[in-house]
Amino acid sequence: MQALGSLCSPWAAPRVGPLPPAPAMVRISKPKTFQAYLDDCHRRYSCAHCRAHLANHDDLISKSFQGSQGRAYLFNSVVNVGCGPAEERVLLTGLHAVADIHCENCKTTLGWKYEQAFESSQKYKEGKYIIELNHMIKDNGWD
């Protein structure tokens, strides 16, 4: 114990040479801490940049959407995302009020949430989420 105490003491002489190896029980890597974890038994989509869980495959509504940077998927619900302020935008299907969404873990902008659709044929999108394909990966159970 005396030797350990002298290594940690601020008044100890400077150490010369390499530090001793860390004990085998110590994990050096930082664990992932997300707000929500999706069930391991379901196919899911995760953030391509930090692997935060985003959505279950069961919540996928459509693969036929266009984001601002390419193809996108429409989801019923998502997790681990934050919303910006809503603003009106003219999209391919008309005027909508949308709010950009970002990954809560790495802050990457992923897509948007449809807050309001002004045309009756587009009302089904309200409350739904667009995530662009280049910002997500398929994760868990896609054999």
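Two strands count as paired if DSSP finds at least two bridges between them, and strands here are DSSP runs (E, at least two residues) numbered from the N terminus. With that in hand, look at Ile101, which stands opposite Gly111 in S7. This is a predicted model, where local features need pLDDT of at least 70, side-chain atom pairs count only at pLDDT 80 or more, and totals for chains, interfaces and linings use all residues. Residues are numbered from 1 along each chain as its sequence is written, and side-chain values use heavy atoms, leaving out hydrogens and water.

**The sheet**
- Six strands make an open, antiparallel sheet, in the order S3-S4-S8-S7-S6-S5.
- Strand S3 (60–67) and S5 sit at the edges, so to speak: each pairs on one side only.
- Strands of a sheet pair through backbone hydrogen bonds, either parallel or antiparallel.

**S6 and S7**
- Strand S6 (residues 94–103) and strand S7 (residues 109–117) are antiparallel partners over seven bridges.
- Val98 has Tyr114 in S7 as its bridge partner.
- These two strands form a hairpin with five residues between them, and Lys107 in the turn has a positive phi of about 70°.

**S5 and Val90**
- S5 and S6 pair in the antiparallel sense over nine bridges, and their hairpin has two residues between the strands.
- Val90 lies in strand S5 (residues 81–91), and its bridge partner in S6 is Leu95.
- Val90 is exposed (over 50%), with a relative accessible area of 69%.

Key. Helix = DSSP H or I, 4+ residues; strand = E, 2+ residues; numbered from the N terminus. Buried < 20%, exposed > 50% of the residue type's maximum accessible area, 1.4 Å probe, protein only.
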